[in-house]
Every structure is written in C-alpha cells, then in structure tokens.
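Here is a short tour of a model for you to follow in your own viewer. Keep the sequence and the structure open side by side as you read.

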Amino acid sequence: MNRKEFLATTFSAGLGLAFMPSLLSCVTPIANHSVFDPLILGVGDLRKVRGNISRYTNKGGTVGVFETKEGFLIIDSQFPDAIQPVLDGISSKGKPVLFLCNTHHHGDHTSGNIAFKDQNTKVVAHQRVPELQRKAAEKSSKLAEQRYATVLFEKEYRIDLGNEKVTGYHFGNGHTFGDVMYHFENDNVVHMGDLMFNNVIPVYRTADGSDSRNWIKVLEKALAKFDDDTIFIFGHANKPELTTGNKANLKEMASFLEASNDFVLKAISEGKSTEQLMKETAFIPGFENRNTPERFAGFLDELRKTLLG
Ligand SMILES: [Zn+2]
C-alpha cells in the first residue's frame with residue numbers, strides 16, 4: 001500500500017465512508033485483487049454485497065453494480081430516472097460502463113438501458129430478450145425508449161474481467177423465456193434476477209414464459225451449481241435489506257412454488273374457482289410471509305393455466 005492509499009484508508013476508517021471525498025477514492029489491496037470504495041449515492045439504497053459487488057434498489061428490480069480497475073459491469077437498469085444516480089456516481093469515478101447485463105426483458109429491469117449513453121457499453125442478455133422487450137414496449141407505446149442487448153446467448157456467456165469472471169447462465173424458463181442468472185466467480189455472488197422474489201408473491205405471466213414446474217427445476221439447478229458460501233441477489237423483496245440471501249432462500253422459493261402447484265391442482269380437482277379459493281385464504285397455506293393481496297388472484301389464475309396446459 002503506498003502512502004496515499006494508506007492515508008485514504010485511515011481517513012475512511014476515521015470519518016466513515018459517507019464523508020469520503022470521491023477524490024480520495026482509495027484502493028485497498030486484499031489478497032490478489034483490489035477492493036474499491038463503493039459509490040456514494042444520494043438517492044436509492046446502495047449496499048456492498050461482497051468484494052467489489054454492490055446491490056442498488058430504488059424503483060424496480062434490484063441492480064447489481066460491479067467495479068474493476070478498468071470500469072463497471074452493471075446488472076439490470078430499472079428505469080431511466082432510477083438508474084441515473086448510479087450512472088452519475090460512476091462518471092464521478094471517471095470510468096466507463098463496460099457491460100450492462102440484463103437478467104430478463106421486463107420493463108422494471110430494462111427500461112433504464114436507454115440511460116446508458118455510451119455506445120461502447122456492451123449490452124448482454126439471453127437471445128429471447130430483445131424480441132420480448134420489443135413486444136412489451138410496443139404494447140406500452142415505448143418503442144422509442146428502448147436500448148436492446150446486442151450480445152446475445154442461448155445457454156452460457158462468460159465475461160473475463162481479469163481477477164473476476166462473470167458467467168451468465170440460462171437454465172430454462174422459470175419467470176420468463178429469457179431468464180439469466182449471473183455468477184461472479186471470484187467473489188462468489190450470483191444475481192438471480194426475478195428467478196428470486198423474496199417474501200412476496202412473484203410476478204407470474206404465462207405469456208412471458210412463467211412456468212412454475214420448470215421454475216422449480218431452474219432453482220434446483222442453481223442450488224446444485226453454487227455452494228453454501230454463495231451470496232444471492234434477488235430481483236425483488238418486500239424490503240431492500242431482504243434483496244440478498246443464501247441457498248436457504250432459494251429452497252424456500254422452490255417450496256413455495258411446489259406448495260402453490262399443489263394448492264391449485266387440488267382446487268382444480270375439487271372444481272373450485274379462484275374466487276372460492278380467495279374466500280378461504282389470503283395466501284398459499286404455509287406461506288403467510290408471501291402475503292401479497294394485489295397479486296394473489298392473478299397468480300392463482302395464471303398458475304391454473306400452467307397446470308392445465
Ligand atoms: Zn420480471
């Protein structure tokens with residue numbers, strides 16, 4: 001550590017990160033790679049996850065922020081106004097955004113793509129994402145406000161950023177046809193996108209590719225692929241502090257989907273309508289933690305489509 005770095009570290013420890021002037025931005029060498037100071041943002045909620053990975057919540061799906069010496073890799077973009085504080089923070093560091101990776105096409109994850117003005121930023125997604133994004137934008141008359149991924153892949157895509165390797169995996173459709181989870185191998189963090197909704201009923205639309213039985217299989221593949229030390233970032237949760245977790249959360253999500261399937265299959269066999277079910281319960285039995293009244297009826301109706309299909 002040189003003198004400037006030493007002073008900066010001491011300064012940071014003494015006054016707290018909130019008072020760190022960006023000019024003194026320090027680099028603390030740990031093992032064989034450097035850990036940078038997280039961005040300091042006045043808006044939204046940015047928290048360090050591990051190493052150089054942070055997660056940001058403001059409005060829409062959780063954003064992943066990863067910094068290297070050469071620039072940033074961002075996962076998902078919320079909405080233009082919601083992602084702007086992150087982009088301002090990045091430009092204050094004088095580094096480019098090298099990659100913008102989308103986890104799927106939904107508007108609360110891709111609408112902010114257009115705020116990334118640098119045309120050298122590579123936008124990465126599953127191969128189905130641009131088509132689905134375009135269709136959704138057409139419906140909401142927002143065709144002129146899109147930036148589409150141009151680096152597309154089917155099953156796996158690996159980005160080599162020196163000390164960190166980031167791999168995108170498509171294990172099949174769970175939430176949408178274009179779901180991708182991104183694994184930061186060195187820091188062992190996985191951004192799950194909307195394959196993970198924590199403590200809420202997930203957004204579930206069969207037309208977008210939601211498939212509860214397949215979703216369970218996708219989560220099982222993730223459980224087999226990653227280890228007990230992995231930290232997972234979730235697309236949504238009922239509180240910002242619950243947007244990260246571990247394998248236990250993935251298992252709980254899979255159990256919830258399993259219980260939801262059983263609940264709706266039983267209703268189908270008993271000839272019960274969604275309205276009748278809603279009179280009996282406000283949540284899937286055993287999962288009161290996922291009590292999301294505004295989504296419950298739609299979720300049950302859409303599950304019925306999957307299970308009858
Ligand atoms: Zn989504």
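Predicted model: local features only at pLDDT ≥ 70, side-chain atom pairs only at ≥ 80, totals over all residues.

Residues are numbered from 1 along each chain as its sequence is written. The chain's secondary structure comes to eight helices and 17 strands; helices (H or I, at least four residues) and strands (E, at least two) are DSSP runs numbered from the N terminus.

**Confidence and overall make-up**

- The chain has a mean pLDDT of 91, with 89% of its residues at 70 or more; pLDDT is the predictor's confidence in each residue, from 0 to 100.
- Of the 309 residues in the chain, 39% count as buried. A residue is buried if 20 or more other C-beta atoms lie within 10 Å of its own, exposed if 12 or fewer, and partly exposed in between, with C-beta atoms placed from the backbone.
- Of the chain's contacts with a separation of 6 or more, 61% are between residues 24 or more positions apart.

**How α5 and α6 pack**

- Two packed helices are described by the angle between their axes and the distance between the axes.
- For helix α5 (residues 212-225) and helix α6 (residues 247-269), the angle is about 160° and the axes are 9 Å apart. Axes are lines fitted to C-alpha atoms, for helices over the stretch in contact, and angles run from 0 to 180 degrees between N-to-C directions.
- α5 and α6 are therefore roughly antiparallel to each other, a label for angles over 145 degrees.
- The crossing of α5 past α6 is left-handed, meaning that the near helix is turned anticlockwise from the far one by less than a right angle.

**The seven-strand sheet**

- Seven strands make an open sheet in the order β3-β4-β5-β6-β7-β8-β9, and the pairing is mixed; two strands pair if DSSP finds at least two bridges between them.
- β3 and β9 are the edge strands, each with a single partner, so one side of each has no neighbour in the sheet.
- On average, neighbouring strands of this sheet are turned by 20° against each other, direction ignored.
- Five bridges pair strand β3 (residues 45-50) with strand β4 (residues 53-57) in the antiparallel sense, and D45 has T57 in β4 as its bridge partner.
- The β3 and β4 hairpin has two residues between its strands, and there G51 takes a positive phi near 60°.
- Strand β7 (residues 97-101) and strand β8 (residues 122-126) pair in the parallel sense over three bridges; F99 is partnered by K122 in β8.
- α2 lies across β4, β5 (63-67), β6 and β7, and runs at about 5° to β5.

- Strand β15 (residues 231-233) runs antiparallel to β17 and is joined to β17 by two bridges; F232 stands opposite G245.

**Loop residues to look up**

- Most residues other than glycine have a negative phi.
- Q78, though not a glycine, has a positive phi of about 45°; Q78 sits in the loop between β6 (72-75) and α2 (80-92) and counts as buried, with 26 C-beta neighbours inside 10 Å.
- S141, also not a glycine, has a positive phi of about 55°. S141 is in the loop between α4 (129-139) and β9 (151-153) and counts as exposed, because it has 8 C-beta neighbours inside 10 Å.
- E185 belongs to the loop between β12 (181-184) and β13, and its 13 C-beta neighbours inside 10 Å make E185 partly exposed.
- Leaving aside neighbours within four places in sequence, E185 contacts E164, K165 and T167; the C-alpha atoms of E185 and K165 are 5.6 Å apart, although 20 residues separate them along the chain.

Notes
Contact = placed C-beta atoms within 7 Å. Parallel < 35°, antiparallel > 145°, perpendicular 65-115°, else oblique.
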